[in-house]
Amino acid sequence: MKIKLSDRLSAVAEMVICGETVADIGTDHGYLPVYLIVEGMAPSVIATDRAKAPLAAARQLVELLSLNKKIDVRLGEGISVLLPGEAHTVCLAGMGGMTIRDILQASPNVTEATKRFVLQPQRNAAALRLWLVENGFAIVQEDLALDDGFYYEIIAVEHGSMQITEEEAEFGPILLKHKHPMLKDFLSLKHADLTRLLEGLEKQKSAEAIKRKEKLVAKIAKMEKVIQCL
């Protein structure tokens with residue numbers, strides 16, 4: 001059976017360490033683990049989820065394809081269901097950046113023993129990048145995926161030392177360095193969203209609103225500068 005992944009999950013799959021065990025945290029229906037096995041990208045995968053319903057669907061798919069010996073389906077919270085070093089790559093996709101941070105912090109033994117994390121934050125990507133480099137991680141790969149009209153940032157990190165500027169945290173150091181072909185359109189869309197947000201605040205005169213407007217103006221100006229360089 002051929003599994004076709006969304007562009008978002010395809011980008012996640014491309015960043016795993018091929019030939020080694022992968023863990024997919026929050027696997028939902030188990031499409032990513034099945035894809036990695038069927039395509040020969042991983043010899044074994046651990047598929048986990050905190051919710052019973054999607055995990056049941058994942059287990060059903062695994063059994064249907066007779067992949068029980070290669071995909072271990074587990075119920076549990078975050079990476080606490082893993083043993084240290086059990087998975088060489090851990091994927092955390094489709095959750096908030098701060099949720100990803102909390103998961104990494106909650107199980108330090110597993111975090112320290114994992115070679116690579118492939119992260120796809122739904123929001124707060126900039127804050128996540130800053131936290132990662134401040135806590136002993138280096139960003140080794142980045143990508144953008146366009147899926148059903150939405151852009152997604154995919155970030156692969158490994159243990160190491162790295163420094164990034166606020167601009168790199170906001171827009172992605174590797175995305176900026178290589179001038180990712182989707183980056184200009186991605187930032188233009190964000191620019192339009194911020195501009196609409198600023199317009200909505202124009203009539204508000206409270207101190208809090210003024211402060212927020214100043215931050216938005218600065219952020220928009222910084223974004224315009226980056227877009228012009230792409």
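**Figure 1. Packing of helix α4 against helix α6.** In this predicted model, helix α4 (residues 97–106) and helix α6 pack with their axes 8 Å apart and at an angle of about 25 degrees. Because angles under 35 degrees count as roughly parallel, α4 is described as roughly parallel to α6. The crossing of α4 past α6 is right-handed. On the α4 side, the contact is made by Gly97, Met98, Ile100, Arg101, Leu104 and Gln105, and on the α6 side by Ala127, Leu128, Trp131 and Leu132. Sorted by class, the residues in this contact comprise 7 nonpolar, 2 polar and 1 charged.

Figure 2. The side chains of Arg129 and Glu153 form a salt bridge with an N to O distance of 2.7 Å. Arg129 belongs to helix α6 (residues 125–134) and Glu153 to strand β7, so the pair ties together parts of the chain that are 24 residues apart in sequence. Both partners are buried: Arg129 has a relative accessible area of 0%, and Glu153 has a relative accessibility of 9%. Apart from residues up to four places away in sequence, Arg129 touches Ile139, Glu142, Glu153, Ile155, Ile164, Glu168, Ala169, Glu170, Phe171, Gly172, Pro173 and Leu175.

**Figure 3. The salt bridge between Arg116 and Glu158.** The closest N and O atoms of Glu158 and Arg116 are 2.7 Å apart, and the two residues form a salt bridge. Distant parts of the chain are linked by this pair, with Glu158 in strand β7 (residues 150–159) and Arg116 in strand β5 (residues 116–121), 42 residues apart. Glu158 is partly exposed at 24% relative accessibility, whereas Arg116 is buried, its relative accessible area being 13%. The cut-off for buried is under 20% relative accessible area, so the value of 24% places Glu158 in the partly exposed class.

**Figure 4. Gln141 in strand β6.** Gln141 is located in strand β6 (residues 137–147) and counts as partly exposed, with a relative accessibility of 30%. Its C-alpha atom is separated by 6.0 Å from that of Ile155, which lies 14 residues away along the chain. When neighbours within four places in sequence are left aside, the contacts of Gln141 are Met15, Arg116, Ile154, Ile155, Ala156 and Ile174. Among them is Arg116, the salt-bridge partner of Glu158.

**Figure 5. The salt bridge between Glu170 and Lys219.** Glu170 and Lys219 form a salt bridge in which the closest N and O atoms are 3.6 Å apart. Glu170 is part of helix α7 (residues 166–171) and Lys219 is part of helix α10 (residues 207–229), so the pair ties together parts 49 residues apart in sequence. Glu170 is buried, with a relative accessible area of 18%, while Lys219 is partly exposed, with a relative accessible area of 32%.

**Figure 6. Met223 in helix α10.** Met223 lies in helix α10 and is buried, with 0% relative accessible area. Leaving aside neighbours within four places in sequence, Met223 contacts Phe171, Leu187, Lys190, His191 and Leu194. The C-alpha atoms of Met223 and Thr89, which are 134 residues apart along the chain, are separated by 33 Å.

Figure 7. Most residues other than glycine have a negative phi. Asp28, which is not a glycine, has a positive phi of about 60 degrees. Asp28 is placed in the loop between β1 (22–25) and α2 (31–38) and is partly exposed, with a relative accessible area of 40%. Asn124, likewise not a glycine, has a positive phi of about 60 degrees. Asn124 is found in the loop between β5 and α6, and its relative accessibility of 41% makes Asn124 partly exposed.

**Figure 8. The salt-bridge network of Asp72, Arg74 and Glu86.** Salt bridges link Asp72, Arg74 and Glu86 in a network. In the whole structure, the search finds 12 salt bridges.

Notes. Residues are numbered from 1 along each chain as its sequence is written. This is a predicted model: local features need pLDDT of at least 70, side-chain atom pairs count only at pLDDT 80 or more; totals for chains, interfaces and linings use all residues. Side-chain values use heavy atoms; hydrogens and water are left out. A salt bridge is a side-chain nitrogen of Lys or Arg within 4 Å of a carboxyl oxygen of Asp or Glu. Helices (H or I, at least four residues) and strands (E, at least two) are DSSP runs, numbered from the N terminus. Buried means under 20% relative accessible area, exposed over 50%, partly exposed in between (1.4 Å probe, protein chains only). Axes are lines fitted to C-alpha atoms, for helices over the stretch in contact, and angles run from 0 to 180 degrees between N-to-C directions. Angles under 35 degrees count as roughly parallel, over 145 as roughly antiparallel, 65 to 115 as roughly perpendicular and the rest as oblique. A crossing is left-handed if the near helix is turned anticlockwise from the far one by less than a right angle, and right-handed if clockwise. Contact means heavy atoms within 4.5 Å. Ala, Val, Leu, Ile, Met, Phe, Trp, Tyr, Cys and Pro count as nonpolar, Asp, Glu, Lys and Arg as charged, and the others, Gly among them, as polar.
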